[in-house]
Amino acid sequence: MTIDWWTLGLQTINVLVLVWILARFLFRPVTQMITERQAAAHAALDDARAAKAEAEAARAAAKDAAAGVANDRTALLAKARADAEQEKQRLHDEAMTELDTLRADARTEMAQAAKDRQQALSEQAGALALDIAARLIDRLPDEARIAGFIDGLADAVAKLPEATRAAIGDGAPVDLRAARALTDAEKTRLTDRLQAVLGRPVDITVTPDPSLLAGLELDAATAIVRNTLRADLDRIEAEVTRHDG
Amino acid sequence: MGNPLSLDPLFNIGPVPITAPVVVTWAIIAGLALFSILATRRLRLLPGRTQTLLELIVTTLDGQIRDTMDRDPAPYRPLIGTIFLFVLVANWSSLIPGIEPPTAHIETDAALALIVFAATVGFGISRLGLKGYLATFAEPSWVMIPLNIVEQITRTFSLIVRLFGNMMSGVFVIGIVLSLAGLFVPIPLMALDLLTGAVQAYIFAILATVFIGAAVGDPPNRAKSPKEGTEQ
């Protein structure tokens, strides 16, 4: 067996050339493409990781927001409950105050009504007493309506102040009102008694007034002297009413 | 069919005789170059069938180199890959009637083995430096220097003889059977020859990887391990 050294050399060169060709046109582009694909896959994985991280962050933020909303809701509910309780207490207080006011008003109105009723009863009693007194006076003798009241009127005039007494019948007749027209005797006696009390002569004019029931009433310029049954009844009635009130 | 042990020039280019293995090798180079250019012209991120096949070949090759050397396969990929593809295509070229595989001639096998030997020395020196590479011959002891030198030579010859013997014997057997039995009888033997060719291409490439790996020393992650010492 012999070796063809030319063939050996040429085959060596051929293989080396083939190494260069395949390295240049086969292995390099294919390896580059594999590397690019791996880089793309890594980039996609990185993007996916980033997206996952963002999603996790968004989920955490949403969770925090939900917790915040829940806390706000709890706080708002608590505040609303407190406000409602405060409003309820305020309304209760207002109602109680209004109720007290209404009670006080009712008590006042009841007291006033009772007072008015009492006043009306007193007035009715006074009218009834007046009516009874008038009926009883009608049963007495006619002289009794005047005779018993002349001295009383004179005594009352005597108790008046000096200036008041000086003005009575000074230059003019003394105005008198009587339960009925006076007889001459009664008129004389009355004139005498007044002159005795006043210490000077006076004229009198008597005006009948049946509403006086009995007695006399002297109308001076600055005073009125009443000595009548009607005046007595009015005084009694006023006294009764004052005590009842 | 000619005698595989002797080569007759088909023609001469000046003083250089051009033999059949050289012409077939040129044809293989042209075919592989054309296929590479056409197949890698439109590579995409979403690969088609051809691109998938190419990427499968490259990733498988890288995986074998990484498993064998435990290193980044990029510096060794062109040489190992070219040896594997060339030997495979050269072995399978016998399927074409009238074509003898270049690997059935000892010159081609010797050229491949010489390239592997040169690559072993070159990668060893570039990785370890000249002194470091020469120091590997004295491992584990200086007594081993002659044996290590002989080993370098004999394993190169073993590469030559293994590939040449297998491919030449296949050609011989098919030629003998074809001359004795007829046209279709050698077909099972040719199918067996396909398997033999693929296995021999794989063995040649793996042995080249092992030899280069041994020359460049232990991988970085095992270089300082005291228990694992030398593996050459």
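Predicted model: local features only at pLDDT ≥ 70, side-chain atom pairs only at ≥ 80, totals over all residues.
Good morning. I begin with helix 1 of chain A, residues 5-139: at 1.5 Å a residue, its 135 residues should span 201 Å, and the end C-alpha atoms lie 192 Å apart, which agrees. The expected span here is 1.5 Å times one less than the number of residues, and helices (H or I, at least four residues) and strands (E, at least two) are DSSP runs, numbered from the N terminus.

Residues are numbered from 1 along each chain as its sequence is written, chains are lettered from A in the order in which they are written, and side-chain values use heavy atoms, with hydrogens and water left out.

To return to helix 1 of chain A, a kink of about 45 degrees is centred on A23(A); the bend at a residue is the angle between axes fitted to the seven residues ending there and the seven starting there. At the start of this helix, a side-chain oxygen of D4(A) comes within 3.2 Å of the backbone nitrogen of W6(A). Further along, K79(A) forms a salt bridge with D83(A), with the closest N and O atoms 3.2 Å apart. By salt bridge I mean a side-chain nitrogen of Lys or Arg within 4 Å of a carboxyl oxygen of Asp or Glu. These two residues are 4 apart in helix 1 of chain A, about one turn of the helix. An α-helix has 3.6 residues a turn, so residues three or four places apart point the same way. Over all chains, the structure holds 22 salt bridges.

I turn now to the interface. How many residues of chain B are in contact with chain A? There are 44, and they meet 29 residues of chain A, contact being heavy atoms within 4.5 Å. The buried area is about 3300 Å², with carbon and sulfur atoms giving 79%; this is the accessible area (1.4 Å probe) that two parts lose on being put together, summed over both. In chain B, L45(B), T82(B) and E107(B) lose the most area to chain A, together 17% of what that side buries.

The rule finds 1 salt bridge across this interface. R37(A) forms a salt bridge with E55(B), their closest N and O atoms being 2.7 Å apart. The largest share of the chain B side, 9 residues, comes from helix 1 of chain B.

Finally, some local features. Helix 6 of chain B, residues 187-215, reaches 42 Å from its first C-alpha to its last, and is followed by G217(B), whose phi is positive, near 85 degrees. A cis peptide bond joins E139(B) and P140(B), with omega about -5 degrees; P140(B) lies in the loop between helix 4 and helix 5 of chain B. In chain A, L213(A) has a positive phi of about 70 degrees although it is not a glycine.

Technical notes. Polar contact = N/O pair within 3.5 Å; in protein donor to acceptor, adjacent residues only side chain to side chain.
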